[in-house]
Amino acid sequence: MYIDGEWQSASGGKTFEVLNPADGAVITTVPDGAAVDARRAIEAADGAFGAWSRTTAYFRADILQKAHRLMLERKEDLAHTLTGEQGKPIRSARIEVQYAADFLQWFAEEAKRINGEILPSARNDQRFMVLRQPVGVVAAITPWNYPISMITRKVGPALAAGCTVVLKPAEATPLCAIEMFKIFEEAGVPKGAVNLVTASDPKPIGAELTSHPAIRKLTFTGSTAVGKMLAAEAAGRMKRVSMELGGHAPFIVCEDADPVHAAKGGSLVKFLNTGQACISPNRFYVHRSNYDAFLEALTARVSKMKAGSGFEDGVGIGPLVNEAAIEKVDGQVRDALTKGAKAFAGGAPLTDGALSKGHFYAPTVLAGVTPDMRIYHEETFGPVAPVIRYDDEDDVLAMANDTEYGLAAYIYTQNLSRAMRLFEGLKFGIIGINDINPTSAAAPFGGMKNSGVGREGAREGLDEYLETKLGGFAI
Ligand code: NAP
C-alpha cells in the first residue's frame, strides 16, 4: 500500500493473492489492509491537503502532465499488468491505458481554467465574488473491469482541483493501482496527496471512508447495490458523492438503418471486455424489417469470436472475472431459454482444454427475448446479446426507457429527425447515435436513475471536486 509517501505492508501484516482469471494462477500477493490502514491513509491525506490545495494550478498541471507522459512511456507494461490480472485482450488493454492517460492530460489542462466569477448586485454598494475551491479529502473506490481508467478518471480531476485522495481499488485488480501509484510518486505528487489501500474485504475500508469526518467527498464506481449502500452512509455525514453505477443499455436498430453495419457496431460494443462494461448493450431492439438480416449478421460475427487468454493472438473474448460471474450469466441465459428464447450462438460456459482453468463463457446471441425474462431487466455483465423485435418508434422508445437504469443507449438510423427524437426521448446519460464509442476524457460520462449521480470527465468531472464559495462585499 502507499500511505503518506511510503510503500507499506498492512498494519496486521496480512496479504491476499492476486489471480489471473484466464488460468487461475497466482500472480503475486499484496497487502491486505484493514480499517486502521484506511484511517492512517485518511490522516495522511488530511495532513497533505492544506499544502496541496494552496499549490498553483500550473504546479499541479505540471505533475499531472508528467504522470501522463510516464503512462505513455509505460503503456506496454501497464497493458501487460492489466491483461494479467483482469483478462482483457492485450489490444483492448493498450486502448484502456491510452484512454486512462487522456484523463490526466485533459485535467492537467483544465486545472488552469478553475475560474471564479464576479457577479453584478442589485445594490450599488455591493459586489459579489464567486470562488471555486477544492472540496477537501476525497475517498475513491474503483471496480475491476476498467482498473486503470477508473483511477485516472477520479484521481486526475481530484488532484487538478487541489484535493487529496485515498483510493481503494477492487480486490481483483490491485496491481494496476500499484503501478499507477508508482507513476504518481515518480511524477512528483507530494507525500500524503495520494494514498492507496489494498484490501480483500472492502467493508471495513468502506465504513471508514464513509464515516471519517476528514473525508468530504466519496467517488464510487461499481454496482448499484453497493453504491446505494455507500451513498446512504455518506449521506448520514453529509458528504458529497459521485456514483457511477450499473447499466442496462438499449441498442435500437431502426427501419432505415443498415442492419449489417449495425450488427458490426453492436457486436463490437457488446463484446468489448467480454460484456463486462457498464455501457454494454443489454437489449438489442431491431425493427421488424431489419430483424432477420441483423440477427444473421450478428450471429455470423459472434460465431467467429475466439475465447482465450488475452495474451494470445486473435483472442477477442477474455475470461469473466470469477466463477460467480459465470453462474450469473448462465443463470440469465438458462432462464431465457426456458421461457422461449433461442440461442443463435453460444449459450453455455466454455470448458474445453485450457479454457477449463479460467472463467470463460461462449459469446452468445439470444433471439426472441421477452420482458418476462431476467436478462431483459437484470444487468448481465457478460458476453450475451439479447435480440428483440419491434414495430413502432413510440413503442421502442417506451420499451427502451422501461428500466431502472439510465447510463448508455445506442441508436442506429440514417434519418436525422428520428435520431433527434430518440436522442431527446431516451432517459439515459450517454447516447451513441450510429456511434459505439461515445466516451472521451473531454465528454461528460454518467447516468440517470439507478445508474448513479454526477458526471466524470469533461468540465462537469472537475466540478465534482470543487466547492462554490460566495463573497458578498459591501463597499
Ligand atoms: P462492486 O462489487 O460494487 O465493486 C466495486 C468496488 O466497490 C470494488 O472496489 C469493491 O471492492 C468495492 N466494494 C464492494 N463492497 C463494498 C463495501 N461494502 N464498502 C466499500 N467498498 C465496497 O462492483 P464490481 O462488480 O466491481 O463492478 C461492476 C459494476 O460496476 C457493474 O454494475 C458496472 O455496471 C459498474 N460500473 C459502472 C461504471 C460507470 O461508470 N457507471 C463503470 C464501470 C463499472 P472488492 O472488489 O474488494 O469487492
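This is a predicted model: local features need pLDDT of at least 70, side-chain atom pairs count only at pLDDT 80 or more; totals for chains, interfaces and linings use all residues.
Colleague: Which strands stand at the edges of the open sheet of 3 strands?

Modeller: This open sheet has the order E5-E6-E24, and its pairing is antiparallel. Each edge strand has a single partner strand, so one side of each is left without a neighbour in the sheet. The strands at the edges are E5 (117-119) and E24.

Colleague: Which residue in E24 is the bridge partner of Val130?

Modeller: Strand E6 covers residues 126-134 and pairs with E24 in the antiparallel sense over 9 bridges. Strand E24 covers residues 466-474. The bridge partner of Val130 in E24 is Leu470.

Colleague: Is Phe473 buried, partly exposed or exposed?

Modeller: Phe473 is found in strand E24. Its relative accessibility is 43%. Buried means under 20% and exposed means over 50%, so Phe473 counts as partly exposed.

Colleague: What is the area of the nonpolar surface patch that includes Phe473?

Modeller: Phe473 makes this patch together with Ile118, Met129, Leu131 and Ile475. Phe473 itself belongs to strand E24. The nonpolar surface patch has an area of about 500 Å².

Colleague: Is Thr210 buried or exposed?

Modeller: Thr210 lies in helix H7, which spans residues 202-211. Residues up to four places away in sequence not being counted, Thr210 touches Leu218, Leu230, Glu233, Ala234, Arg237 and Lys239. Its relative accessible area is 3%, and under 20% means buried. Thr210 is therefore buried.

Colleague: Which residues of strand E17 point the other way from Thr364 and Leu366?

Modeller: Strand E17 consists of residues 364-367, and Thr364 and Leu366 point one way from it. The residues pointing either way are all buried. Those that point the other way are Val365 and Ala367.

Colleague: Which residue in E17 is the bridge partner of Ala343?

Modeller: Strand E14 (residues 342-345) is joined to E17 by 3 bridges, and the two run antiparallel. In E17, Ala343 has as its bridge partner Leu366.

Colleague: Which residue in E18 is the bridge partner of Val365?

Modeller: Strand E18 (residues 384-390) runs parallel to E17, and 4 bridges join them. Val365 is buried. In E18, the bridge partner of Val365 is Ala385.

Key: Residues are numbered from 1 along each chain as its sequence is written. Side-chain values use heavy atoms; hydrogens and water are left out. Patches are made of residues with over 30% relative accessible area and no salt bridge: like charges are joined within 9 Å, nonpolar side chains (Val, Leu, Ile, Met, Phe, Trp, Tyr) within 5 Å. Accessible areas come from the Shrake-Rupley method with a 1.4 Å probe; for residues, only the protein chains shown count as cover. A salt bridge is a side-chain nitrogen of Lys or Arg within 4 Å of a carboxyl oxygen of Asp or Glu. Buried means under 20% relative accessible area, exposed over 50%, partly exposed in between (1.4 Å probe, protein chains only). Two strands pair if DSSP finds at least two bridges between them. Contact means heavy atoms within 4.5 Å.
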